[in-house]
Amino acid sequence: MNRLLDSVMVAAMLALSGAAFAGAYFEKGGAAIEGYDPVAYFTQNKPVKGSTAYTAMYKGSTFRFASAANRDAFVAESDKYAPQYGSFCAYAVAGGYKAKIEPDAFTIVNGKLYLNYDQSIQRRWRRDIPGYIREGDRNWPEVAKKPFP
């Protein structure tokens, strides 16, 4: 009975926060990366808000894009553009837990998009990016199974 109550409470908190898991990626405001365009991180090296006019589903999650061209690029190579660790904070995943992100706290490493909780955490992340990626890659299969928040 306690598990059922816990599940109901988590679902209620997510509904109230506007956050959910429709698929493999954390969604807030109805889209992964809080509605920011994942392709723009690579092409413009900055976060760019996506539009509800340009969307694509990937692994059950909704992604938004600033243009049809960005949407089409994502559809053609989703694995290339999709953020790592289900769009959770890469630093947190390296530590074995999930945390939300701020879309402007990002790093592209070896052609992959990593997001962080905020600028302060991003500074910590940058002190040992290869080490945090190693730990994040090792931890993600188990962390992915954990509930959020």
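Colleague: In this predicted model, why is Phe-26 called buried?

Modeller: Phe-26 has a relative accessible area of 6%. Buried means under 20%, so Phe-26 qualifies as buried.

Colleague: How do you know whether Phe-148 is buried or exposed?

Modeller: The relative accessible area of Phe-148 is 14%. That value also falls under 20%, so Phe-148 is buried.

Colleague: A search of the whole structure finds 17 aromatic pairs. What makes the pair of Phe-26 and Phe-148 edge-to-face?

Modeller: The ring centres of Phe-26 and Phe-148 are 5.0 Å apart, and pairing requires centres within 6.5 Å. Their planes stand at 80 degrees; because angles over 60 count as edge-to-face, the pair is given that name.

Colleague: Which parts of the chain does this pair link?

Modeller: Phe-26 belongs to strand 2 (residues 26-28), and Phe-148 to the segment after helix 7 (129-143). The two residues are 122 residues apart, and the pair links distant parts of the chain.

Colleague: Why is the pair of Phe-88 and Trp-140 called tilted?

Modeller: The angle between the planes of Phe-88 and Trp-140 is 45 degrees, with 6.4 Å centre to centre.

Colleague: What makes Lys-100 count as lying over the face of Tyr-117?

Modeller: Lys-100 is at 4.8 Å from the ring centre of Tyr-117, and the distance limit is within 6 Å.

Definitions and conventions. Residues numbered from 1 in each chain as written. Predicted model: local features only at pLDDT ≥ 70, side-chain atom pairs only at ≥ 80, totals over all residues. Heavy atoms only, no water. Phe/Tyr/Trp six-rings, centres within 6.5 Å; stacked < 30°, edge-to-face > 60°. Helix = DSSP H or I, 4+ residues; strand = E, 2+ residues; numbered from the N terminus. Buried < 20%, exposed > 50% of the residue type's maximum accessible area, 1.4 Å probe, protein only. Lys NZ or Arg CZ within 6 Å of the ring centre and 35° of its normal.
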